[in-house]
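Hi everyone, thanks for coming along. I'd like to walk you through one model this morning, so please have a look at the screen.

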Amino acid sequence: MEKIKSFTVDHRKLDRGIYISRIDRDIITYDLRFCKPNSGIVLDNVTMHTIEHMLATFARNSDVKDEIIYFGPMGCQTGFYLLVRDSVTKEKALELVNDMLKKTIAHTGEVFGASEIECGNYKTLNLEKAKSACREYLDVIKDISHIVDYDYVNGK
């Protein structure tokens, strides 16, 4: 059986950052790696859940909202996947991620979708935890000007 693309990258070489995970026809999957894989540090469910609510909402309300396919957490709890149409350049994707993080950090209202009607587990949300993780991640990616793909990480 063929391995999926994310299983072909050597996770020992991945660090926190942003990567192109895969390109499928007109859809680009970005790996937003908040935590270094296999370091023993992962995002707890409350933090991941809140970041998902916040960043997905900001992405779907951005100037490229019609090009957003999906934003959601990785099962390994080390980050998120952002899927966009290929009309969104790497530079624009990086700008979008930075903008979503900054808006989450600055947000003073309620977590988006934080009700029993809107969410299947609405009690597991904490904006302060999400803001803290977003601050850390923003600091990690602040100097990134070029997004690399998994082949680059693997030395190909």
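Let me start with a question: how close do the axes of α1 and α3 come, and at roughly what angle do they cross? They come within 8 Å and cross at roughly 80°. That makes α1 roughly perpendicular to α3, on a scale where angles under 35 degrees count as roughly parallel, over 145 as roughly antiparallel, 65 to 115 as roughly perpendicular and the rest as oblique. By axes I mean lines fitted to C-alpha atoms, for helices over the stretch in contact, with angles running from 0 to 180 degrees between N-to-C directions.

Before going further, a word on where this comes from. This is a predicted model, where local features need pLDDT of at least 70 and side-chain atom pairs count only at pLDDT 80 or more, while totals for chains, interfaces and linings use all residues. Residues are numbered from 1 along each chain as its sequence is written, and side-chain values use heavy atoms, with hydrogens and water left out.

Now the overall picture. The protein has four helices and five strands; these are DSSP runs numbered from the N terminus, with helices being H or I of at least four residues and strands E of at least two. Reading from the N terminus, the order is β-β-α-β-β-α-α-β-α. The radius of gyration is 15 Å, close to the 15 Å that the globule rule gives for 156 residues, so the protein is as compact as a globular protein of that length. That radius is taken over C-alpha atoms, and the rule is 2.2 Å times the number of residues to the power 0.38. Along the principal axes, the C-alpha atoms fill a box of roughly 45 × 35 × 35 Å.

Of the 156 residues, 46% count as buried, where buried means under 20% relative accessible area, exposed over 50%, and partly exposed in between, using a 1.4 Å probe and protein chains only.

On the α1 side of the contact with α3 we have Val46, Thr47, Thr50, Ile51, Met54 and Leu55, and they meet Leu127, Lys129, Ala130, Ala133 and Cys134 in α3. By class, that contact has eight nonpolar residues, two polar and one charged. For the classes, Ala, Val, Leu, Ile, Met, Phe, Trp, Tyr, Cys and Pro count as nonpolar, Asp, Glu, Lys and Arg as charged, and the others, Gly among them, as polar.

Thr47 sits in helix α1 and is buried, with a relative accessible area of 5%. Apart from residues up to four places away in sequence, Thr47 touches Lys129, Ala130 and Ala133. Thr50 also lies in α1, and at 0% relative accessibility Thr50 counts as buried. Setting aside neighbours within four places in sequence, Thr50 contacts Val111, Thr124, Leu125, Asn126, Leu127 and Ala130. Its C-alpha atom is 9.5 Å from that of Gly113, 63 residues apart along the chain.

What about α2? Helix α1 (residues 45-59) and helix α2 (residues 90-106) pack at about 125°, with their axes 9 Å apart. That makes α1 oblique to α2. Met54, Leu55, Phe58 and Ala59 in α1 meet Leu96, Met100, Leu101, Lys103 and Thr104 in α2. Seven of the residues in this contact are nonpolar, one is polar and one is charged.

Helix α2 also packs with α3 (residues 127-141), at an angle of about 145° and with the axes 9 Å apart. The residues of α2 that meet α3 include Val97, Leu101 and Ile105, and their α3 partners include Cys134, Leu138 and Ile141. This contact has eight nonpolar, two polar and three charged residues.

Finally, two loop residues. Asn38, in the loop between β2 (27-33) and α1, has phi near 55°, a positive value in a residue other than glycine. Is Asn38 buried or exposed? Asn38 is exposed, at 71% relative accessible area. Gln77, in the loop between β3 (68-73) and β4 (79-85), likewise has a positive phi, near 65°, and at 28% relative accessibility Gln77 counts as partly exposed.

Conventions. Contact means heavy atoms within 4.5 Å.
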